Amino acid sequence: MEIRRTSRPYLWVLLMLLGLWLGSVLAKGAGNQTTPTTTTTTSRNWQRYQSQSLNESQSMAEEPEILETTSDMLSHSPHETHLTRTSVIFGLTKVANESSVSQKCHAHLRQMQRGILGKQPWAMKVLDASGTKPSGFVYGQNYWLGSREACRGVQRPVGITLSQNFDRVMHYGIITQQAPFDMDYRVLYLRHSSPWQVEIKLMSEQIIHVGLCLPSACSSEEVKHLAQDYVAGGMFTENEIFDIRPEVVYMKDLQLREEFFERASFRLLVACVLVTGALMLCAQQLSATKKLAPSSEEPDPGLAPAESEVWRGLNSLLQIEKLQKYIPCWDVPTNWAKIFAVRENSPNEIPLMNGLRSVCAIWIMVFHVVWFMYFTVHNKTVLISYAEQAFFQYVSSAPLLVDVFFTISGFLQTFNFLRNSQQLEAVRRNSPSENLRLFGKLLFHRYLRLGPLYLVVMATVDLVYAYIGDVSVYHINERFDEMCSRHWWRNLLFIQNLFDHRDMCANWSWSLACEMQFFILANALLFLYVKYPRAVKALVVSSFVATIAWSYGIGLSIKFQLSFDAAFATGTEIYTSPFVRVLPYILGAATAWLLQENRVQLEISEPRERFCWHLALLVFFACIYSTVKRDLGPLMAITLFVMGRLFFSLSVCWMIARSCGGRGVWWSRLLEAKGFQHVSRLSYAIYLLNPLVIALFYSLTNASTHADPFMLCVVTCGFAVIVYLASILFSLAFELPFSNLSSLLNRRQCKPKNA
C-alpha cells in the first residue's frame, strides 16, 4: 500500500504530460490540415483534401486561438530566426507593431506571420511570392522581384486541372487555398553601397528591387516605414555578408495614378489623334465624292438618321475650296502607296543614300535593344563584357553611325542648294530683308516636315514614361515624363542638346537638334556664299580646324576615356555637343561643293576604282572596330575618337560621291537596291520611335532579363517587326501628311514666279 500511494503521483504526472503532447499534436494538425504523407493518395483522399483546402480560410478565422497556440509553440524555433534574417516580408511582420501601422494592417501582418510559421498553404504562397536575394549579386543581380503571378495566385485559385489518376505528395491547398484578406504585389527599392558588386557607373546599378506580396490594408507609406525599421535594426543577414548597407529609397504600388489622365501630354495626344482621324475621314470622304456622280450627293437611304447627318455635315464642310486643296494631304490610300512605292532609280538621284539610311537606322535600333536591356538585365557586368569583345564591336560602336546621317544631311543640304539655279539667282538679286524672308521660308518648311512627328513622339514619351513610372516593377532612372514636363520648350526649339544630357526629354533626339542647328548654320553660310564666296570658304576651313581643336581641348580637359562609364559621364561635352559633332556635316557639305561647284571628275582606272571602294569599306569597319581596346590614356583616347570619326566620314563621302557619278562595286549595288527606298522613307520614324518602343516593352516585363547573345538575336528581330509596324502607323498619321502639305505650299508659292 505504501508503494502504491507513492507511485500514484508519478502516474498522474505521466498522464498529464501525455495529454499535453497529444493536445499539441492535435493543435498542430488543426493549424495545418493539408500536410501530405508519403502514402499514396486515392480518389477519395483527393476529394477530402480539396474540401479541406476550400474550408481552411473559414477555419482559420473561426479558430484564432489554435493559430496563436501554434505561433507560441514556434516563436522560439530556429527557422523563425532564419526567416527573419533572410526574408524581407517575414522581417516586416516581426517589426510591425500597433504604433507603427494601422490596427487592420497590424492584424493582417500578424495573421500572415502566424500562417507562415504554421505553414498554412496561403501564407507559404505569400512567402514564396515575395523576393529574397538570388545568386549573381556580385555581377549586378539587384532584382529580387519574387513572383507577381504567384502573388495573384494568393488571391484566387490557380486555374489548373490535375488528373486524379496520379499519386502526388504536394499540399493541395497551394492550388485551392486563398488568403483570408486582400493581398497585392508591390516593390520596395533599396539603395546599397556594397563593395562586393561591380560598380559600372551607368545610372541605376545600386538600386535593389524587392518584390513583396503584402496585405492591401497596409499602405505603401506604412510598409516603407517598416522597411526602414527592418534595415536599421540590423536584422538583414545579407547586410552582414555582402556589406550592403541598405537605405530605403521609396516604394511603388504598381497602380496607375489618376493624375495620369490629367497630364497635358495625354490631352494633347488625344486631340492630335482626334484631329488626325477627322482629317483622314474628310480626305476619304472627299476622295469618295469625287468618284461619285453629281446626282448622288444625297446620303444612302439605308443609313441611320445620325449617320446621314454626319454625311451631310462632311459634304457641306468639304465644299469649302481651301479645304479641298489641303485635305487630300491626309488621304490614307495615297500616303500608303507612297510609303510602299518602289520605282527605278533616277539618274539625278543618289540611291546609295537609301541603303545607308536604312542599314544605319536598323543598326542603331540594334544598339538601343542592348542599351535599354541594360536597365532590366541582372548580369550587367557580363553584358558590358560582351560589348567590349571584338565580335560585338559592331553593336557597342553603333553610335558612331549617327555620323552617317550627319554626313548625308550636310551633303544633301549643300548639293540641293547649289544646283537650284533659280534660287541662287534669287539670292543674288534679293535685298537682305528679302533673303531673310526666303531664309525663314526654308526654315519653316524644314520645321513643317520634321516638327509634327517629333512633337507627337515627344508627347508620347512623356505619357509612356509616366505610365511605366507608375506600373513598372523597375526603378526608372531616366524619368523623361519629368524632364518633358519641365523642359519641353527646349525640344520645341530644337536646342535640347545645348544642355546637360541627363536633363533631356527623349535624350536620343539630341542628333535631331544637332541637324536643325547645322541646317540653320549651313543655310546662313550658303546664302553668304552666293555673294561672298571667299569669306565663306575661309569660315568653313576655320570651322573644320576649330571643331578638331575644340574636341581635343575638351577631351584633354575632362580626361576623356573610351570606357562606357566615362563615355556616359562625358556625354554632354563629347557626345551631344554640336561643336564636336559638326565635323561630318562639314565634310559632307564640302564633298557636295566639290562635286557641284567645281565639277570635279576624278578619272581613275577600273581596278583602282574597285580598290578605292573596298578601301573605303575597310576604313568604315576599321573605325567601328577601332575601340576594341578601351583602356587608353586621355590623349590616345581623344585622338582615336576624333581621327576615327574623321576617316569614317571620309569613307562615307567617297561612297556618296562615286555613287553620284554612277560608279560602284557589288556591295554598293546592294545598298542601291530598290527595296531600300521603302525602309528609307520610314527611317525618320524608326529613328524616333525605336527607343520608345524598346523601353516600353522592357519596362512592362515582370522579371529581369538575362544577357544572352542568342536570345538577344531573337528579341532584336521581334523589336524590328514592332518598330517597323509602329513607324508605318506614325508616318501615315503625322509625317507624310505634313510632308505633302509642305510640298503643296512650295508649289503654290512657285507658280506666280514661273508665270
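Reader: What makes the link between Cys 484 and Cys 505 a disulfide, and why is the disulfide called right-handed?

Author: In this predicted model, the sulfur atoms of Cys 484 and Cys 505 are 1.8 Å apart, and a disulfide is a pair of cysteine sulfur atoms within 2.5 Å, so the pair qualifies. The torsion about the S-S bond is about 75°, so the disulfide of Cys 484 and Cys 505 is right-handed. The pair links distant parts of the chain, since Cys 484 belongs to helix α22 (residues 480-492) and Cys 505 to the loop between α22 and α23 (510-531), 21 residues apart; helices (H or I, at least four residues) and strands (E, at least two) are DSSP runs, numbered from the N terminus.

Reader: How do you know whether Cys 484 and Cys 505 are buried or exposed?

Author: Buried means under 20% relative accessible area, exposed over 50%, and partly exposed in between, with a 1.4 Å probe and protein chains only. Cys 484 has a relative accessible area of 5% and is therefore buried, and Cys 505, at 0%, counts as buried too.

Reader: Why is Val 198 called partly exposed?

Author: Val 198 has a relative accessibility of 35%, so this residue counts as partly exposed. Val 198 is found in the loop between β2 (183-191) and β3 (207-215), and together with Val 138, Tyr 139 and Trp 196 makes a nonpolar surface patch of about 390 Å².

Reader: What makes the link of Cys 151 and Cys 213 right-handed, and which elements does the pair join?

Author: The torsion about the S-S bond of Cys 151 and Cys 213 is about 80°, so this disulfide is right-handed. Cys 151 sits in helix α8 (residues 148-155) and Cys 213 in strand β3, 62 residues apart, and both cysteines are buried.

Reader: How many disulfides does a search of the whole structure find, and what is the pairing?

Author: The search finds three disulfides, and with the bonded cysteines numbered in sequence order the pairing is 1-4, 2-3, 5-6.

Definitions and conventions. Residues numbered from 1 in each chain as written. Predicted model: local features only at pLDDT ≥ 70, side-chain atom pairs only at ≥ 80, totals over all residues. Heavy atoms only, no water. Patch = residues over 30% accessible without salt bridge, like charges linked within 9 Å, V, L, I, M, F, W, Y side chains within 5 Å. Areas by Shrake-Rupley, 256 points an atom, 1.4 Å probe, with all protein chains shown as cover. Salt bridge = Lys/Arg side-chain N within 4 Å of Asp/Glu carboxyl O.
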